Amino acid sequence: MSLLDNSLNSTLPDVFSDHKYNYNHWEQLLMVIITAISNFSFIPSMIILIKRKNYFPSFLGFFTMVTSFTYHFMESIACKKLFNMDEYQWHKLDNIGAICCFISLAVYLMDNRNSEFDTVLNYTALIVVIILQESSPWEIWYTVVPILTYVSLIFIVSYFRKRFP
């Protein structure tokens with residue numbers, strides 16, 4: 001029987017690893033609920049954005065919801081790989097989405113009258129954030145500088161327009 005068990009185990013994919021926080025099964029379930037499933041609370045806001053035809057922020061929100069859910073789910077249950085990506089790769093995608101969501105909020109708060117200009121600002125941020133996060137995802141300045149740049153643009157635009165959003 002042990003020979004059969006060993007041969008069965010060798011054919012199964014090695015998907016799970018020992019949990020880095022030593023969570024038991026109940027703690028893993030709680031972490032899935034708290035950190036992963038809670039991402040679905042953003043669905044109503046994405047529906048509102050789609051109804052208002054704000055497609056970039058809605059799809060960015062969907063991207064961030066999926067990547068954040070996947071990263072936190074994998075971390076909670078100690079899953080090694082999902083769709084051929086490990087927890088670290090999903091975490092980088094989650095960072096990209098989260099940073100771009102803050103930037104997209106800043107673009108919205110600029111209250112630009114031209115939606116095409118908003119689109120250019122959002123896509124420019126997306127490209128810059130992808131490059132910065134791919135080059136060094138744990139460099140704090142690669143997170144802070146893009147967000148602060150766009151937040152400062154809110155005040156610059158407001159100053160020149162002589163009105164606040």
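In what order do the elements of the protein chain run from the N terminus on? They run α-α-α-α-β-β-α-α-α.

## Overall architecture

The model is predicted. The protein chain contains seven helices and two strands. It has 165 residues, of which 32% count as buried. Among contacts in the chain between residues at least 6 apart in sequence, those that join residues at least 24 apart make up 68%.

The accessible surface of the protein chain amounts to about 11,100 Å². Carbon and sulfur atoms account for 69% of that surface.

## The nonpolar cores

The largest nonpolar core has 16 residues, and the members that touch the most others are Ile-103, Val-107, Met-110, Val-129 and Tyr-150. Two or more residues of this core come from each of α4 (55-77), α5, α6 and α7 (141-161). Helix α5 gives the most, with six residues.

Neighbours within four places in sequence aside, Tyr-150 is in contact with Ile-103, Ala-106, Val-107, Met-110, Leu-121, Thr-124 and Ala-125.

Helix α5 spans residues 87-109 and includes Phe-102. Phe-102 counts as exposed, at 51% relative accessibility. The C-alpha atom of Phe-102 is 8.8 Å in space from that of Val-151, although the two residues are 49 apart in sequence.

Helix α6 covers residues 115-135, and Asn-122 is found there. Is Asn-122 buried or exposed? Its relative accessible area is 7%, so Asn-122 is buried, the limit being under 20%. Beyond its neighbours within four places in sequence, Asn-122 is in contact with Phe-56, Ser-104 and Val-107. Val-128 also lies in helix α6, but is partly exposed, with a relative accessible area of 38%. Between the C-alpha atoms of Val-128 and Ile-96 the separation is 9.9 Å, while the two residues are 32 apart along the chain.

## Salt bridges

How many salt bridges does the structure hold? There are two. One is formed by Lys-92 and Glu-134, whose closest N and O atoms are 3.1 Å apart. This pair links distant parts of the chain, with Lys-92 in helix α5 and Glu-134 in helix α6, 42 residues apart. Lys-92 is buried, with a relative accessible area of 11%.

The side chains of Asp-111 and Arg-113 also meet in a salt bridge, at 3.4 Å from N to O. Asp-111 counts as partly exposed, at 28% relative accessibility, whereas Arg-113 counts as exposed, at 65%.

## Cysteines

A disulfide is a covalent bond between the sulfur atoms of two cysteines. A search of the whole structure for such bonds finds zero.

Cys-100 is buried, with a relative accessible area of 2%.

Which residues make the nonpolar surface patch of about 880 Å²? They are Trp-26, Leu-29, Leu-30, Ile-33, Ile-34, Ile-37, Phe-40, Ile-43 and Ile-47. The elements that give two or more residues to the patch are α2 (25-36) and α3 (43-51). Helix α2 provides the largest share, five residues.

Ile-37, one of the patch residues, is located in the loop between α2 and α3. With 40% relative accessibility, Ile-37 counts as partly exposed.

Key:
Residues are numbered from 1 along each chain as its sequence is written. This is a predicted model: local features need pLDDT of at least 70, side-chain atom pairs count only at pLDDT 80 or more; totals for chains, interfaces and linings use all residues. Side-chain values use heavy atoms; hydrogens and water are left out. Helices (H or I, at least four residues) and strands (E, at least two) are DSSP runs, numbered from the N terminus. Buried means under 20% relative accessible area, exposed over 50%, partly exposed in between (1.4 Å probe, protein chains only). Contact means heavy atoms within 4.5 Å. A disulfide is a pair of cysteine sulfur atoms within 2.5 Å. Patches are made of residues with over 30% relative accessible area and no salt bridge: like charges are joined within 9 Å, nonpolar side chains (Val, Leu, Ile, Met, Phe, Trp, Tyr) within 5 Å. Accessible areas come from the Shrake-Rupley method with a 1.4 Å probe; for residues, only the protein chains shown count as cover. A salt bridge is a side-chain nitrogen of Lys or Arg within 4 Å of a carboxyl oxygen of Asp or Glu. A nonpolar core is a set of buried Ala, Val, Leu, Ile, Met, Phe, Trp, Tyr and Cys residues joined through side-chain atoms within 4.5 Å.
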